[in-house]
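Me: I would like to learn how to read a few features of this structure. Could we go through them together?

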Amino acid sequence: MCQLLGMNCNVPTDIVFSFTGFATRGGRTDVHNDGWGIAFFEGAGVRHFVDHEAAVASPIAELIKRCPIKSKNVIAHIRKATQGRVALENCHPFVRELWGRYWVFAHNGDLKNFAPELDGAFRPVGTTDSEWAFCYLLQELRRRFGDTPPQLAALGEALRELSGRIASYGTFNMMLSDGSALFAHCSTHLHYIVRQHPFATASLADEDLSVDFSRVTTPNDRVAIIVTAPLTDNETWTQFAQGEMKVFVEGAPV
């Protein structure tokens, strides 16, 4: 299956270190070589990059590794296709508009016979169960709350309920963000770590690369990294429980 990577911070931060290790799993240290993508929130906008090439062979992935784009919310994905051919339109993350802001979504898993009726406002462009689930989530949020975006607590509760409903069709590990918070639901495997003062040195498990975060941060910085499998081998990661959803705001679970 695919793998997910998310970042939620209290100050704009680059994801170069984590993405470097993550992208290595896209065809070198793991078999997720059917495309990849990443999306960065910047104010009301989103920088969105996808490629149907394996992340380890993609010039666009090399650009992301070398270009320290700073954001408070990032979602990335490396794909091992289960439904839908290897094609650009089937690469995650997917982006849609709801309530006058962009939403970014990525999914790891396989949903069997998941084909709820869609009313037309949100339609999949590609042929993945993942994009179908994203369209369904947004449709149901709009149906439930109308044209007025809800408060975070109500939104989180609705997403928890809807994610459980979707997960009844199979594996539904997902990340979703509107740029103000990052929502993560776990069916099987998700882990997270919060890096904050006092910062230490982290070493990637998939690459010979270490960073002393105390040299590139301030004492007020806080960064949450959420990923399918831990990216570093010298830090303590917290594993999600199966069926659990967490909401990250300003670099911490709330």
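Me: Where is Glu250 placed?

Reply: Glu250 sits in the loop between β14 (245-249) and β15 (252-253). Helices (H or I, at least four residues) and strands (E, at least two) are DSSP runs, numbered from the N terminus. This is a predicted model, in which local features need pLDDT of at least 70 and side-chain atom pairs count only at pLDDT 80 or more, while totals for chains, interfaces and linings use all residues. Residues are numbered from 1 along each chain as its sequence is written, and side-chain values use heavy atoms, with hydrogens and water left out.

Me: What is the phi of Glu250, and is Glu250 buried, exposed or partly exposed?

Reply: Its phi is positive, about 55°, although Glu250 is not a glycine. For accessibility, buried means under 20% relative accessible area, exposed over 50%, and partly exposed in between (1.4 Å probe, protein chains only). Glu250, at 32%, counts as partly exposed. Trp99 also has a positive phi, near 60°. Trp99 lies in the loop between β5 and β6, and at 15% relative accessibility it is buried.

Me: Which peptide bonds are cis?

Reply: One joins His92 and Pro93, with omega about -5°. Pro93 belongs to the loop between β4 (70-78) and β5. Another runs from His197 to Pro198, with omega near 0°, and Pro198 is in the loop between β9 (191-196) and β10 (201-203).

Me: How many salt bridges does a search of the whole structure find?

Reply: A salt bridge is a side-chain nitrogen of Lys or Arg within 4 Å of a carboxyl oxygen of Asp or Glu. The search finds 17 of them. In one, Lys65 pairs with Glu62, and the closest N and O atoms are 3.1 Å apart. These two are 3 residues apart in helix α2 (residues 59-66), so about one helical turn separates them. Lys65 is buried at 16%, while Glu62 is partly exposed at 28%.

Me: Which parts does the pair of Arg143 and Asp119 tie together?

Reply: Their side chains meet in a salt bridge at 3.8 Å, N to O. Arg143 lies in helix α3 and Asp119 in the loop between β6 and α3, so the pair ties together parts that are 24 residues apart in sequence. Arg143 is exposed, with a relative accessible area of 52%, and Asp119 is partly exposed at 41%. Both belong to a network of salt bridges that links Asp119, Glu140, Arg142 and Arg143.

Me: What surrounds Arg96?

Reply: Contact means heavy atoms within 4.5 Å. Leaving aside neighbours within four places in sequence, Arg96 has contacts that include Trp103, Phe122, Arg123 and Leu138. Arg96 lies in strand β5 (residues 94-98) and is buried at 15%. A polar atom of its side chain lies 2.7 Å from the backbone oxygen of Arg123.

Me: How many cavities are found, and what lines the largest?

Reply: Rolling a probe the size of a water molecule over the atoms shows where empty space is left. On a 1 Å grid over the protein atoms alone, a cavity is a set of points where a 1.4 Å probe fits but cannot get out, and lining residues have an atom within 4 Å of a point. The search finds 1 cavity of 30 Å³ or more. The lining of the largest cavity includes Cys2, Arg79, His92 and Asp129. Elements giving two or more residues to this lining are β6 (101-108) and α3 (129-145).

Terms used:
On a 1 Å grid over the protein atoms alone, a cavity is a set of points where a 1.4 Å probe fits but cannot get out, and a pocket is an open set with protein on both sides within 12 Å along at least five of seven lines; lining residues have an atom within 4 Å of a point. Grid points are joined across faces, edges and corners, and a volume is the space filled by probe spheres set on the points. A polar contact is a pair of N or O atoms within 3.5 Å; within protein, one must be able to donate a hydrogen and the other to accept it, and residues adjacent in sequence count only if both atoms are side-chain atoms.
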